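New notebook page today. I want to jot down what I look up as I go, one spot at a time.

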Amino acid sequence: MASTDVTALVEKLSECAVLADPVDLPMLAEMHGLFEALVAWGEEAGMKRAASCAKAAAALVESVILDEAGDSHAALEIAGRAVSAMQRATSGDYTDDEIDYPAELGADEGGAESGASVTLPAYVDEAIFSDFLSRQDSGLDEMESMVLALEGGASEEEFAALKRYLHTLKGESAMLGLEQVEKLCHAAEDAMLEVEHSRLVDPLLALRDWLRRAFDAYAGRGGAPEGPEALLAQFQSLRGQGETAEAGEKEVPQVAPNVPAEGRLHFEPGPLTGDKELIADFITEAMEHLDNSDVQLLTLETDPGNEEAVNAVFRAFHTIKGVAGFIALDEIKALAHEAESLLDQVRKGAVSLEGHRIDLVFSAVDSLKQCIENVRTALDNNSDLVPTEGLPELVAELKAAITDKSPSPAPASEPEKLGDILVADGITTAEAVEAALAEQQQPLELSRLGAVLVEQSIISTRQLVAALEAQKKEGGKRKLGEVLVSMGLVTEEEVARALEKQQEPPQKPRLGEVLVRNGAVAPREVAAALRKQRGRGPGAVVKVREAVKVDAARLDQLVDAVGELVIAETMVTQSPELLQDTASDLGRHISQLDKITRELQEMATSLRMVPVRATFQKMARLARDLSKKSGKSVAFSMSGEDTELDKSVVDKIGDPLVHMIRNAVDHGLEDSPEDRVKAGKPEAGKVHLSAYHQGGNIHIEIEDDGRGLNRDAILKKAVERGLVSESEQLSDREVWNLIFEAGFSTASKVTEVSGRGVGMDVVKRNIESLRGQVDIQSETGKGTVFTIRLPLTLAIIDGMVVRVGTERFILPTLSIVVSLRPTEQDLSTVTGRAEMVKLQGKLLPLFHLHEMFHIDGARENPTEGTVVVVESDGKRVALLIDEILGQQQIVIKPLGEALRDLPGIAGGAIMPDGRVGLILDIVGLLRIAGEN
């Protein structure tokens with residue numbers, strides 16, 4: 001085919017790609033023909049990858065024509081990228097290997113044979129490999145800037161940082177089996193030791209570009225790069241050795257992290273030499289890894305053979321070691337390396353993670369946390385990094401634990417059958433598998449014609465239902481196939497093929513399908529078991545999760561801006577001018593704008609939502625440490641860790657939980673196992689921390705099965721403190737709430753409640769600052785449950801808008817019990833002063849909001865207004881208002897410094913008419929009412 005013909009063909013294809021639409025079948029048919037013509041050209045010109053790309057693109061366009069593409073617009077977008085690649089292929093300016101064809105089209109399957117083989121070694125941990133790849137984008141960008149600095153005369157510190165990066169990359173690549181990457185980094189390291197800086201720029205930039213293509217190929221984002229021979233020869237030539245590329249490919253020993261031999265490990269105080277921003281990011285990420293390691297180690301303490309938990313802890317140490325080496329935190333790198341080496345032996349089955357070894361790993365986690373805190377202090381104060389006390393000794397102990405090959409049980413061979421895997425992994429029970437196998441063997445019926453047509457995607461379920469209804473209206477006189485043909489949904493040939501398919505012997509359902517259908521196993525768990533059953537082959541490609549880190553302050557600004565948008569949109573939609581305009585188009589547009597704005601608000605709010613897992617994990621470690629210190633056996637458990645809360649709420653809930661977990665372990669549980677056995681309980685005390693959604697709020701529960709709160713002891717202490725009188729009749733709830741009183745403490749050794757109230761006033765204060773509430777349920781001898789109710793976010797509140805005179809207020813719906821209009825019979829007075837209202841046989845104090853806030857023109861007769869009953873800390877009062885205007889989500893606005901501590905007011909909100917409505921603080925209102 002002549003070059004001019006090919007150029008014209010590609011130009012026409014470009015026009016089609018621009019104008020293509022999934023419903024424009026003639027245009028799609030033309031695109032299909034043009035791609036097929038390019039297949040012939042590619043084969044003639046020896047452009048194998050181009051021919052493969054064009055062939056796959058033609059098939060993709062055909063799937064759009066036949067309505068088999070799933071997402072037609074996405075398919076056409078891929079075809080458009082194929083057109084761009086074909087433009088480069090036919091221009092004559094690029095070789096076939098230099099063009100990036102769309103990876104989705106699999107053009108590299110028939111690619112150049114000289115390309116590097118980018119397959120993931122079968123023995124490599126996929127999660128580690130994915131994490132490794134995800135870090136390379138930023139790492140290669142940093143490498144590029146460091147290499148470019150060499151031309152301008154980089155400092156020795158910058159040059160050392162570049163060497164550290166290549167050294168770390170070489171070590172990680174060796175562990176992951178990336179031999180070509182390892183060899184290239186080793187050659188570059190050698191050249192940097194002997195060659196002038198300025199002469200290294202070009203080969204190092206070429207190395208950086210090769211690494212980028214290689215890592216993209218591993219991640220499935222492009223084709224394989226050329227082999228490393230030319231780059232190896234270039235680095236060797238720089239060194240003046242004149243060796244061949246083959247000589248450069250001799251085996252390179254794996255380089256372990258720079259850990260001095262035992263007896264010589266010593267670190268001196270010194271300044272931080274790494275990039276400050278990278279160090280700050282490392283601190284955050286490393287602490288997350290270590291917190292997660294605490295949880296996984298707790299699992300291993302009861303289940304030492306849990307491979308998933310071992311791998312998770314191993315990955316944490318490996319990641320910390322790699323990043324610490326890159327940013328020159330040698331102390332952290334050395335300790336993480338030894339801990340990683342021990343866990344590697346555990347993974348291989350050489351040693352077991354029990355007894356002394358698991359305590360050593362716990363100590364390594366604690367020591368690393370202290371190292372990171374030292375780094376944080378040095379970074380914040382711009383001071384020298386102080387070595388961590390006891391680290392050399394810990395490293396020596398870890399080394400000894402590695403070499404001490406104490407006998408461990410041989411690992412059981414992995415079951416091959418899916419049912420065995422699911423049972424062995426604890427995903428389901430043997431009984432459920434047996435029931436599914438029995439169901440699997442039951443005789444099967446032939447598939448119905450309609451089911452076959454739907455399964456083959458010839459018709460949709462909706463079309464089948466319509467045909468069945470039409471058949472039913474006719475009294476079943478015609479067969480379903482005839483009805484479908486008459487409706488134009490299928491052809492006679494398609495019906496005939498479906499009837500043939502229908503007569504084929506039905507296949508038995510697979511075991512996994514039966515288990516999922518019976519609800520015995522989740523689909524995701526079956527998929528994981530199948531992957532385990534098959535094993536991951538050597539050709540696997542890892543999909544790298546892409547994430548963008550955003551500063552929390554920017555998220556706050558976004559949420560605030562979206563809140564302002566919601567307010568402005570509400571003001572526009574409620575404006576009298578628009579309400580008077582009855583134009584249907586305008587109303588429809590306003591309705592669509594309102595929908596989009598609300599979705600945007602929900603999306604912006606969700607960006608700040610984070611799981612409570614990290615906070616819960618800290619509590620698990622706290623419970624373990626308290627158990628060791630107190631000598632009590634504690635079985636700590638968690639549930640609902642993936643429940644999400646606003647980040648600001650999660651950050652502030654940590655301190656209250658610390659107090660409550662400490663009290664549950666130290667003082668809630670019995671003092672000795674003997675006491676628990678006498679009470680008919682297991683020796684290990686149970687402490688359970690859970691989180692769940694209920695009623696639009698988050699509930700966090702801390703439950704223990706200890707001795708419970710002692711009502712008499714609490715009342716006695718309260719009387720001694722003058723908090724209540726001896727004659728006062730209090731409900732259990734009111735008694736339990738006494739432990740939250742400021743100054744209420746049983747720090748003196750009182751055996752009945754032994755310190756239950758220490759710190760609990762802080763708990764209550766912190767939770768109330770989050771607009772939350774605490775509820776206590778306790779039964780003597782059986783245990784106590786603390787329930788914390790919190791709003792999902794602090795930026796938005798669900799509120800009831802009420803009117804008092806000319807003013808409007810917002811009552812949090814979380815605090816509202818009921819609203820009513822009382823009759824004269826419901827009202828009474830006490831001692832001629834206090835006004836009361838009867839609700840469900842109980843008298844509640846009635847307060848007039850217009851009197852509390854000095855508002856004129858409000859209704860003073862309760863029978864003419866509305867009474868709202870609100871609750872806080874178990875106390876209920878009735879508030880008199882004029883009327884309830886409605887319920888809505890309110891964007892909270894601060895009132896400024898002047899009105900910051902105004903009693904009874906929590907904040908403000910801009911109403912649809914532009915005026916400000918005050919959000920009432922129920923706790924503050926109860927305090928005002930009590931004082932009056």
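Predicted model: local features only at pLDDT ≥ 70, side-chain atom pairs only at ≥ 80, totals over all residues.

I started with serine 815 and listed what it touches, leaving out residues up to four places away in sequence: Gln773, Val869, Val870, Glu871 and Ile922. Contact here means heavy atoms within 4.5 Å. Serine 815 sits in the loop between strand S9 (807-812) and strand S10 (816-820). Its relative accessible area is 7%, so I put serine 815 down as buried. My cut-offs: buried is under 20% relative accessible area, exposed is over 50%, and partly exposed lies in between, with a 1.4 Å probe and protein chains only.

Residues are numbered from 1 along each chain as its sequence is written, and side-chain values use heavy atoms, with hydrogens and water left out.

Next, the whole chain. I count 34 helices and 18 strands in the protein chain; these are DSSP runs numbered from the N terminus, helices being H or I with at least four residues and strands E with at least two. Of its 932 residues, 44% count as buried. For contacts between residues at least 6 apart in sequence, 69% join residues at least 24 apart.

Then I picked out helix H12, residues 307-326. H12 has 20 residues and reaches 29 Å from its first C-alpha to its last, close to the 28 Å expected at 1.5 Å a residue. The expected span is 1.5 Å times one less than the number of residues. Why do I call H12 largely enclosed by the rest of the structure? Because 17 of its 20 residues are buried. Just after H12, alanine 328 takes a positive phi of about 65 degrees.

Over to valine 916, which is in strand S18 (residues 916-920). Is valine 916 buried or exposed? It is exposed, as its relative accessible area is 52%.

Last, the cysteines. I looked for disulfides, meaning pairs of cysteine sulfur atoms within 2.5 Å, and the count came to zero.
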